[in-house]
Amino acid sequence: MPELPEVETVRLGLERHLLGRKISSVELRRSDLRFPFPSNFETSLNGRVVESVERRAKYLLIRLDGGMTWLCHLGMSGRWTLIGDGVVGRPGKFSSGAPLGSGDGPHDWVVIHLDSGTKAVYSDHRRFGFMDCFPTSQQEKNKLLSDLGPEPTPDQLVPQDLAEGLRGRKMPIKSALLDQRIIAGLGNIYVCESLHRAGISPRREAGGLVRKNGAPTKRLEVLVGHIKDVIDEAIEAGGSTLNDFASVDGTLGYFAHQFAVYGREGQPCEKSGCGGVVRRIVQSNRSTFFCPTCQR
């Protein structure tokens, strides 16, 4: 599933081509993705101008004039491709071999026509993604967005906030960090990488990283720093190349080349002087990769 850095990469690409453009028409090739499209979806988008393209956790929030927000979640395999004069985007293929992004592919479900002549094509062969639209003023009441925690970014995530979210929790720290109510946008890949950098075992009890008075321990402060670094580096690299992810112009990210533990079961730990071997365990039905020698 695309994680925060991948979604941010898509956001930046959409922003370059959608900002200030009017939506001329909307084509829906089916009535639903993971969930049905709202009955007013097409009429809510048609004729509106894109004022900004934002992100909250793993949700794309496209702000339209008239006070409307168009929400998009990429699910497991959702991708946007931009096609038109002066747009570098190029259609490609899913890992299954199915074509995508031309506007005529078997899994191209949504085509947004812009007044510039450019098309934004949403493709999703697994159909776990979804879209919605709602008045922007109602965002705080939206069931998808109302309970999200702080973003794992320097301007939002501080050790004290994370300490408050973890205090008293008996669950493993790996599971706690995947809880979107504690931190919004973190996913399996980058949690594994952050815990490895911080030298913290994914099995460690989450509440054990908080002092009795509710203050963060030194180890939790270090972890917060590594979370921010990992996310920043992944965004700068354009996300990862896992599964079907690519940016709107079809290019692949390169953060996968920097994974220290994720997907490296049985390989040597890359920390200097460690000498351990990366292991894989299953936590909450998700694969966890870590080094039992340097992560305690």
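Good morning, colleagues. Please keep in mind that the model is a predicted one.

I begin with the largest nonpolar core, which holds 34 residues. The members that touch the most others in this core are Leu162, Leu166, Ile173, Leu177 and Leu223. Four helices, namely H3 (159-166), H4 (173-177), H5 (188-198) and H6 (218-237), each supply at least two of the core residues. The greatest share comes from H6, which gives seven residues.

Let us take Ile173 as an example. Once neighbours within four places in sequence are set aside, Ile173 is in contact with Leu166, Leu195, Ile200, Ser201, Pro202, Arg204, Ala206, Leu209 and Leu223. Apart from this core lies another, made up of 30 residues, including Leu33, Met68, Ile112 and Cys133. As general background, nonpolar side chains in soluble globular proteins tend to be buried together.

I turn now to the backbone. Ala57 is not a glycine, yet its phi is positive, near 55°. Ala57 sits in the loop that runs between strand S2 (50-56) and strand S3 (59-64).

Ser284, also not a glycine, has a positive phi of about 50°. The loop that contains Ser284 lies between strand S11 (279-283) and strand S12 (286-290).

Are these two residues buried or exposed? Ala57 has a relative accessible area of 1%, and because buried means under 20%, Ala57 is classed as buried. Ser284 reaches 54% relative accessibility, so Ser284 counts as exposed, the cut-off being over 50%.

Thank you for your attention.

Terms used:
Residues are numbered from 1 along each chain as its sequence is written. This is a predicted model: local features need pLDDT of at least 70, side-chain atom pairs count only at pLDDT 80 or more; totals for chains, interfaces and linings use all residues. Side-chain values use heavy atoms; hydrogens and water are left out. A nonpolar core is a set of buried Ala, Val, Leu, Ile, Met, Phe, Trp, Tyr and Cys residues joined through side-chain atoms within 4.5 Å. Buried means under 20% relative accessible area, exposed over 50%, partly exposed in between (1.4 Å probe, protein chains only). Contact means heavy atoms within 4.5 Å.
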